[in-house]
Amino acid sequence: MSTNKVIHALYNDDDVLMDAVKTVKESNHHIEEVFTPFPVHGLDKLLGLPHTRLAICAFLYGLCGLAFATWMTNYMMIEDWPQDIGGKPNFAWIYNMPAFVPIMFELTVFFAAHLMVITFYMRSRLWPFKEAENPDPRTTDDIFLMEVSVDDNEEELTALLNTTNAVEIKVIEKH
Amino acid sequence: MSSHYEAPIREPLVLGEKSYHDITMDIVKPIEGKANKNWYIAFGIALVAFMWGVGCILYTIGTGIGVWGLNKNIGWAWDITNFVWWVGIGHAGTLISAVLLLFRQKWRMAINRSAEAMTIFAVFQAGLFPLIHMGRPWNGYWVLPIPNQFGSLWVNFNSPLLWDVFAISTYLSVSLVFWWTGLLPDFAMIRDRAVKPFQKKIYALLSFGWSGRAKDWQRFEEVSLVLAGLATPLVLSVHTIVSMDFATSINPGWHSTIFPPYFVAGAIFSGFAMVQTLLGIMRKVSNLENYITRLHVEYMNIVIIVTGGIVAVAYASEFFIAWYTGSPYENYTYMSVGAATGPYGWAFWSLILFNIAIPQLLWITKVRRSFIWSFIISIAINIGMWFERFDIIAIVLSKGHLPSTWTRFEPTFVDVGVFVGTIGFFFVLFLLYARTFPVIAQAEVKTIMKSSGQHYKQLRDGKNEH
């Protein structure tokens with residue numbers, strides 16, 4: 001058993017890669033990962049990746065921002081220290097609310113945008129001093145790399161990948 | 001491939017026979033190569049201007065803002081003019097990357113990176129002015145809603161000036177993360193090519209370890225889309241709120257309900273003009289002629305005509321309403337017969353000439369598709385939009401309600417110095433950016449190669465035209 005073995009199949013075209021992914025999927029092999037230099041449309045669906053929920057996160061973060069702005073304006077302008085500013089109503093938040101709309105809007109956007117991006121960075125493990133994990137430096141230039149796990153079927157898999165117009169096929173021992 | 005089909009009638013967005021690797025090479029060339037003499041000359045000039053500005057700012061802070069030309073009637077003068085001018089310029093970047101993304105305009109990909117860089121650098125300059133105008137910038141943090149004992153209590157959330165603090169800081173920070181997220185794959189590309197260890201380390205740090213997995217790209221695209229959706233109303237809100245600095249006051253000439261849409265249109269107008277100015281130079285200097293084409297220039301010029309048209313109609317409406325009120329006071333607002341014939345007539349007519357008359361040349365197809373004409377007209381618009389803000393501030397304030405308070409504003413060398421200094425600072429940042437950052441979103445451009453690249457279009461159409 002050599003379960004740590006993977007095969008790296010390298011392609012130089014996105015359409016060829018898509019066809020290869022289809023072929024490998026159809027013959028029921030497990031694709032560990034695909035590294036591409038740019039977003040290839042439809043690849044995530046083909047790989048069967050579940051849809052990302054980051055947009056839902058952003059919506060919830062936006063609600064937090066809105067709630068925070070509401071609380072902040074109410075606490076500072078109405079509860080803690082009401083002042084007469086140009087005769088604007090300072091006894092109830094709802095009457096003073098029109099003046100707070102810009103703040104509420106900005107904080108909604110601020111929270112939604114920043115927290116979503118932070119969530120994205122955390123989930124995709126992106127931060128300063130993080131080591132890159134693409135196995136071949138060319139995958140950020142013009143090479144598309146498909147990593148297929150080997151399960152005692154190295155020869156069969158290599159033969160299959162050879163039919164998919166790969167420019168390079170490498171068997172790698174992963175540690 | 002049928003999935004890459006695009007109507008043959010559409011002009012290609014990327015010229016020449018480019019492979020994916022060719023795009024990489026074109027983008028990294030200015031970064032891996034050496035700067036030429038022109039770059040050093042331009043950088044030297046910008047640095048000197050910046051240093052002069054730093055000197056003038058230090059003099060202002062050391063002595064007080066009495067060294068400026070403003071007075072008790074014209075309390076907002078050059079500084080706020082410059083502030084609004086820079087914020088306006090900072091509008092095109094996020095507009096290009098956000099609004100045009102939502103509308104799926106592929107031509108944005110060649111220009112969005114530099115436009116966003118311009119946005120961020122311009123907002124830096126804008127932020128300097130209110131800070132210096134405070135006189136005691138070390139107290140700048142008083143605009144933040146923090147618990148305090150120094151008697152100013154909480155900040156005033158009823159004030160448009162405070163809305164500005166929130167709007168501009170949100171805009172700056174969101175634009176920055178939007179820009180940076182888009183930069184990650186491109187930094188990773190430079191990192192993976194770098195041979196010098198120091199360069200590799202720096203780009204590895206900047207790229208946050210981007211690896212380009214299928215899942216990363218899925219999230220990347222979702223994040224870009226949602227950020228675009230958030231940034232679109234954000235862009236519009238920022239200049240709306242800047243206009244409220246004026247519109248919520250009770251000065252005739254400022255107290256105007258059309259200010260928000262009119263300011264937003266003016267901001268996009270001036271922002272696109274600055275993009276034309278910068279990219280007009282950059283496409284030559286960085287050899288990006290195949291990416292920033294006549295078509296891109298024409299599209300930007302169309303945006304300029306539309307937004308310039310909105311601005312012109314707003315001027316006409318302001319002028320008409322001022323006259324129609326029959327109020328003698330309205331005859332001294334910035335759009336009035338009084339302004340056109342008064343002591344600031346030269347500023348009034350500069351505005352009309354640079355902002356309304358000259359941009360009309362863009363109706364002519366030949367002018368609209370000409371690099372040199374677009375460049376000249378964009379400079380005119382930059383000047384015109386500065387005069388717009390100067391007119392709104394200085395002309396309106398120069399003739400207050402009491403004739404005994406009527407006065408004039410004369411800028412001092414410090415006013416001019418600080419302004420020139422911010423232009424220098426802006427170009428210092430932009431020139432450094434042009435040498436160290438991937439100036440075109442290469443990962444995105446690669447996605448449109450098969451649909452909009454000239455070579456692929458010709459292959460698909462089965463003929464060799466051009």
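Chain A is divided into domain 1 (5-37 + 142-173) and domain 2 (54-123). Those bounds come from an automatic or database domain assignment. The C-alpha centres of the two domains of chain A lie 49 Å apart.

A word on the source. This is a predicted model, where local features need pLDDT of at least 70, side-chain atom pairs count only at pLDDT 80 or more, and totals for chains, interfaces and linings use all residues. Residues are numbered from 1 along each chain as its sequence is written, and chains are lettered from A and ligands numbered from 1 in the order in which they are written.

Now the sheet in chain A. Four strands form an open sheet, in the order β2-β3-β1-β4, with antiparallel pairing. Helices (H or I, at least four residues) and strands (E, at least two) are DSSP runs, numbered from the N terminus. Two strands pair if DSSP finds at least two bridges between them. The edge strands of chain A are β2 (31-35) and β4 (168-173), each pairing on one side only. From one strand to the next, the twist averages 20 degrees.

Look at the pairings. Strand β1 (residues 5-11) and strand β3 (residues 144-149) of chain A are antiparallel and share six bridges. Which residue of β3(A) is the bridge partner of Ala9(A)? It is Met146(A). His8(A) stands opposite Glu147(A) in β3(A). On to β2(A): four bridges join this strand to β3(A), again antiparallel. Here Ile31(A) has Val148(A) of β3(A) as its bridge partner.

Next, a helix that lies across the sheet. Helix α6 (residues 154-162) of chain A lies across β1, β3 and β4 of chain A, at about 10 degrees to β1(A). Axes are lines fitted to C-alpha atoms, for helices over the stretch in contact, and angles run from 0 to 180 degrees between N-to-C directions. Contact, for two residues, is C-beta atoms, placed from the backbone, within 7 Å.

Over to chain B. Helix α5 (residues 108-133) and helix α6 (residues 160-193) of chain B have axes that come within 10 Å and cross at roughly 150 degrees. So α5(B) and α6(B) are roughly antiparallel to each other. The cut-offs: under 35 degrees is roughly parallel, over 145 roughly antiparallel, 65 to 115 roughly perpendicular, and the rest oblique. The contact includes Ile120(B) and Val123(B) of α5(B), and Leu172(B) and Trp179(B) of α6(B). By class, that contact has nine nonpolar, three polar and one charged residues. Ala, Val, Leu, Ile, Met, Phe, Trp, Tyr, Cys and Pro count as nonpolar, Asp, Glu, Lys and Arg as charged, and the others, Gly among them, as polar.

Second pair. Helix α9 (residues 259-285) and helix α14 (residues 371-398) of chain B pack at about 140 degrees, axes 8 Å apart. They are therefore oblique to each other. Among the residues that meet are Phe269(B) and Met274(B) in α9(B), and Phe375(B) and Ile379(B) in α14(B). This contact of α9(B) with α14(B) divides into eight nonpolar, eight polar and one charged.

Last, the two chains together. How many residues of chain B are in contact with chain A? There are 55, and they touch 56 residues of chain A. On the chain B side, α1 (20-32), α6, α7 (197-206), α8 (214-247) and α16 (442-452) each give two or more residues. The largest share, 16 residues, comes from α8(B). By class, that side of chain B has 29 nonpolar, 15 polar and 11 charged residues.
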